[in-house]
Number of protein chains: 2
Amino acid sequence: MSKLLTDLIEALRCLPGVGGKSAQRMAFHLLERDRERGQRLAQVLEQAMREIGNCSRCRNFSETPVCNLCSSSSRDRQVLCVVESPTELAAIEQATGYRGQYFVLLGRLSPLDGLGPEELGLDRLAERLGEGEIEEMIIATNPTVEGEATAHYLAQLARAANVRPTRLAHGVPLGGELEYVDRGTLAHAFGSRQSLD
Amino acid sequence: MSKLLTDLIEALRCLPGVGGKSAQRMAFHLLERDRERGQRLAQVLEQAMREIGNCSRCRNFSETPVCNLCSSSSRDRQVLCVVESPTELAAIEQATGYRGQYFVLLGRLSPLDGLGPEELGLDRLAERLGEGEIEEMIIATNPTVEGEATAHYLAQLARAANVRPTRLAHGVPLGGELEYVDRGTLAHAFGSRQSLD
Ligand SMILES: [Zn+2]
Ligand SMILES: [Zn+2]
């Protein structure tokens, strides 16, 4: 196999879920049938890696200083949802009807990894809470040990600014069978049972 | 989602087996964790799409006029294996101990698609057969209707040049259970049964 083809197959393996065999299939497919779209991908990828930064207001991915979402006039300014990463922001946008603002931590509190309040932009978050517009802060960090510790810290930040902190509900996933739900979730769901009246 | 991010997700869908959801996961992964390798992929992909052409001797992918394989002095010059595409050449190289030459048709005879002897480079193939070095031509086209028709044509070409044409054996795949082998293959394997002496 030619040097450049070997390099291409190796480079494609940076994509998550792509092993040697899929990478080879992708390279051959583009070369044999889709060079134009391969060129287009190369160009967009290069531009995206270079130009996409973070919104100065919410820290979500954006190639403009302030992202579309932050500059939109049709989003509710009284609610702010805090997530760990852009992936989770996208998941919430796609799954729910949420119409408020966001703040992306780009991580979670993790002193061992050198991630403290400063790295997560919590000074900027505190500033926003201090502006007085926000009434509720939805804490949507992941239900991991570090995510929960981060949630705890964020709740204190909110209370200090007279903003009501809320947290996503935990429990048995819709359509999930009790048998297959992990024990921690099941115990939590049991303890947080709600009356049906 | 930003324009550039949307464009990137859309562009990633040119990769075989990548739908909207995986494309989004890939884009976020590169942006959040692997920009350097994303940049590298963009650069290699651009170069590969632009520079990889076909070897003037065997028509396999190559960024040099004559490919490594054709210019190698350690490959047997008496045997030539004809395949439909570079993918199949790679499969044979990776699975077998074959040490001869190749010729890549970049298609199969298909008059309805405008693919005739000229498009498949059969004039060049006839020239090589005429050089007198080749003794055996292994016909490794796919066992489809068009592949078989192509094989038939190629066999005539070989015979006209006093080269012995051979064809890959068909039959029950190793480890394949008879119950699950398609009827055509089973009938062929039955008809071509070999004595065990
Ligand atoms: Zn923003
Ligand atoms: Zn060659």
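What covers the buried residues of α5(B)? The cover includes α2 (20-33) of chain A together with β2, β3 (79-83) and β4 (101-104) of chain B. The views below are of a predicted model, in which local features need pLDDT of at least 70, side-chain atom pairs count only at pLDDT 80 or more, and totals for chains, interfaces and linings use all residues; side-chain values use heavy atoms, with hydrogens and water left out. Residues are numbered from 1 along each chain as its sequence is written, while chains are lettered from A and ligands numbered from 1 in the order in which they are written.

**View 1. Helix α5 of chain B and its buried residues.** Helix α5 covers residues 86-95 of chain B, and B:Pro86, B:Leu89, B:Ala90 and B:Ile92 in this helix are buried. Buried means under 20% relative accessible area, exposed over 50%, and partly exposed in between (1.4 Å probe, protein chains only). Seen down the axis of α5(B), the buried residues fall within an arc of 165°, so they line one face of the helix. The arc is that of the directions from the helix axis to the C-beta atoms. B:Gln94 and B:Ala95, on the other side of α5(B), are exposed. Helices (H or I, at least four residues) and strands (E, at least two) are DSSP runs, numbered from the N terminus.

**View 2. The zinc ion (ligand 1) and its donors in chain A.** A:Cys55, A:Cys58, A:Cys67 and A:Cys70 each coordinate this ion through SG, at 2.3 Å. Donors are N, O and S atoms within 2.8 Å of the metal (3.2 Å for Na, K and Ca); water is not among the atoms, so sites may look incomplete. The angles among the 4 donor atoms are 105 to 116°, and the site is tetrahedral. Four donors count as tetrahedral if all angles lie between 85 and 135 degrees. A:Cys58 lies in the loop between β1 (53-54) and β2 (61-62) of chain A and A:Cys70 in helix α4 (residues 68-71), so the pair ties together parts that are 12 residues apart in sequence. A:Cys58 and A:Cys70 are both buried.

**View 3. The zinc ion (ligand 2) and its donors in chain B.** Here the SG atoms of B:Cys55, B:Cys58, B:Cys67 and B:Cys70 coordinate the ion at 2.3 Å. The site is tetrahedral, with angles of 106 to 116° among its 4 donor atoms. Along the sequence, the donor residues have the spacing C-x2-C-x8-C-x2-C. B:Cys55 and B:Cys67 are buried.

**View 4. The rotation axis that relates chain A and chain B.** The superposition is by least squares on the C-alpha atoms of residues with pLDDT of at least 70 in both copies. Of the residues of chain A, A:Ala42 comes closest to the axis, at 2.2 Å (C-alpha).

**View 5. B:Asn162, a residue other than glycine with a positive phi.** Phi of B:Asn162 is near 60°. B:Asn162 is in the loop between α7 (145-160) and β6 (164-167) of chain B. This residue is exposed, with a relative accessible area of 75%.

Conventions: Tetrahedral: all angles 85-135°; square planar, octahedral: opposite > 155°, others 65-115°. Contact = heavy atoms within 4.5 Å.
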